[in-house]
Amino acid sequence: MCFPLQDVTKRLNIMNFQIAGEHKFPSAREPSSRFNSLEAIDWNFPGRVRKNGLEAIHPYPAKFIPDLPGTILDLLPVEPGTIVLDPFVGSGTTLVECQRRGISSAGVDLNPIACLISRVKTRPLPKDLDHAIAHLLNEAKNSRRTKIPPIPNLDHWFEGHVQIALVRILASIEASPAQFQDVFRLALSSIMVRVSNQDSDTRYAAVDKKIGHDQVASLFAQACERINISLQERDYVLLPTQVLQSDTLRVRASDFKHKVGAVITSPPYPNAYEYWLYHKYRMWWLGYDPLSVKEQEIGARAHFFKTNHHTADNFIQQMRGTFKLISSVLTLNGYACFVVGRSKIHGKIIDNARLIETVAREFGFYLTFRTERVIAANRKSFNLSHAAIKTESVIVFARANA
Ligand SMILES: C[S@@+](CC[C@H](N)C(=O)[O-])C[C@H]1O[C@@H](n2cnc3c(N)ncnc32)[C@H](O)[C@@H]1O
């Protein structure tokens, strides 16, 4: 059953929605007892300690704290023989937490940097990485390459000598054996903002950082070593994980080898984070096209500030596409957990969790659990108006006919 988009918006009275902490929504069915354990959790995880370097292997906006997918997996085990799916996998936090628990998983993301991070975090450490790093640094040092790729506005954001150093490291990466390339590309990506003139990951202002002539190579070497150590620290079996670089709205059930027992995800939402913008120069340098990522990125600010701009209805439609996929892959007893914040579109607050619940119901799911958690103050976004939105919702759905 699908309602015309305008009707959905009217029925929910979305535009007048007030932020008021916790909300109870009528469910198609009473929650079953298997979801009761979620009520006892403090979803702010006040005692959380950072477990290892894997979390910080590469910056990523709005990533999960690992305790979030980890707690869901501990309280709501998945059926044997099924996998966990994160359709907006970002930096792969869900995949790592699944791997730690011996659960197979798959992740989808549009952003090639997200997929690169997710692959490196979940794949085995290539043998002889130390030797390969030393070899690459030597190659880059002896390289005479000077041909700079045609990247827009490059001179504004990168000093001339930094551009040359990056070109030489990149050429040496391309010449290195295939099994090392992801680790090297991730290391280079992780230092890109540091060696640029960009003030910080979330502040697009050019500043003179006085990057020294050998500094790019030494920062790259340190990044390789940091990644090497983080990967070596993994003390669990590295079950194979599937990382699919795609627009989730184009993914089909046949793209996965197994049925899905649980979906755990934090979807992008309108006008909040800009994943493509955050990684724009990383993508240019690594040979990807950030502008095509921007076009398909759900919620990107650019879509909300043009003639015929996007509205909450576009998000509803995108979540319909997401639930179409979920309902085609999820087992009867499976569940879907979303963590999502609110949006401010042209001054109006939108309760995205509530929109998602409406869509979920159209696909025969009911809400079994909803709570609010505080968004960490250090979770920076380009969108300053977003700073006024302090909490996000954790919502869990099950099939009404299970
Ligand atoms: C909130 S982030 C996910 C963060 C993730 N939970 C983590 O721990 O890193 C949302 C992700 O959705 C991705 N995304 C946006 N539009 C997409 C689309 N159409 N298809 C697939 N992924 C998309 C973004 O690139 C971003 O990585």
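**Basis and confidence**

This is a predicted model: local features need pLDDT of at least 70, side-chain atom pairs count only at pLDDT 80 or more, and totals for chains, interfaces and linings use all residues. Numbering starts from 1 along each chain as its sequence is written, and side-chain values use heavy atoms, with hydrogens and water left out.

pLDDT is the predictor's confidence in each residue, from 0 to 100. The protein averages 88. A score of at least 70 is reached by 89% of the residues. Residues 1-29 stay under 50. For that stretch the model has 58 contacts beyond four places in sequence; a contact means heavy atoms within 4.5 Å. Where pLDDT is low, the predicted coordinates should not be read in detail.

**Overall make-up**

The protein has 14 helices and 11 strands. These are DSSP runs numbered from the N terminus: helices are H or I with at least four residues, strands are E with at least two. Of the 402 residues, 55% are buried. Buried means under 20% relative accessible area, exposed over 50%, and partly exposed in between (1.4 Å probe, protein chains only). Among contacts with a separation of 6 or more, 79% join residues 24 or more positions apart.

**Two helix pairs**

Axes are lines fitted to C-alpha atoms, for helices over the stretch in contact; angles run from 0 to 180 degrees between N-to-C directions.

| Helix pair | Axes come within | Crossing angle |
|---|---|---|
| α2 (residues 67-75) and α3 (residues 93-100) | 9 Å | roughly 45° |
| α4 (residues 112-122) and α8 (residues 178-195) | 10 Å | roughly 125° |

The angle makes α2 oblique to α3. Angles under 35 degrees count as roughly parallel, over 145 as roughly antiparallel, 65 to 115 as roughly perpendicular and the rest as oblique. In α2, Pro69, Gly70 and Leu73 meet Thr93, Thr94, Glu97 and Cys98 of α3.

α4 and α8 are likewise oblique to each other. On the α4 side, Ile113, Leu116, Ile117, Arg119 and Val120 make the contact. α8 contributes Asp182, Val183, Arg185, Leu186 and Ser189.

**A buried glutamate**

Glu357 lies in helix α14 (residues 352-362). Glu357 counts as buried because its relative accessibility is 4%. Val396 is 39 residues away from Glu357 in sequence, with a C-alpha to C-alpha distance of 9.3 Å.
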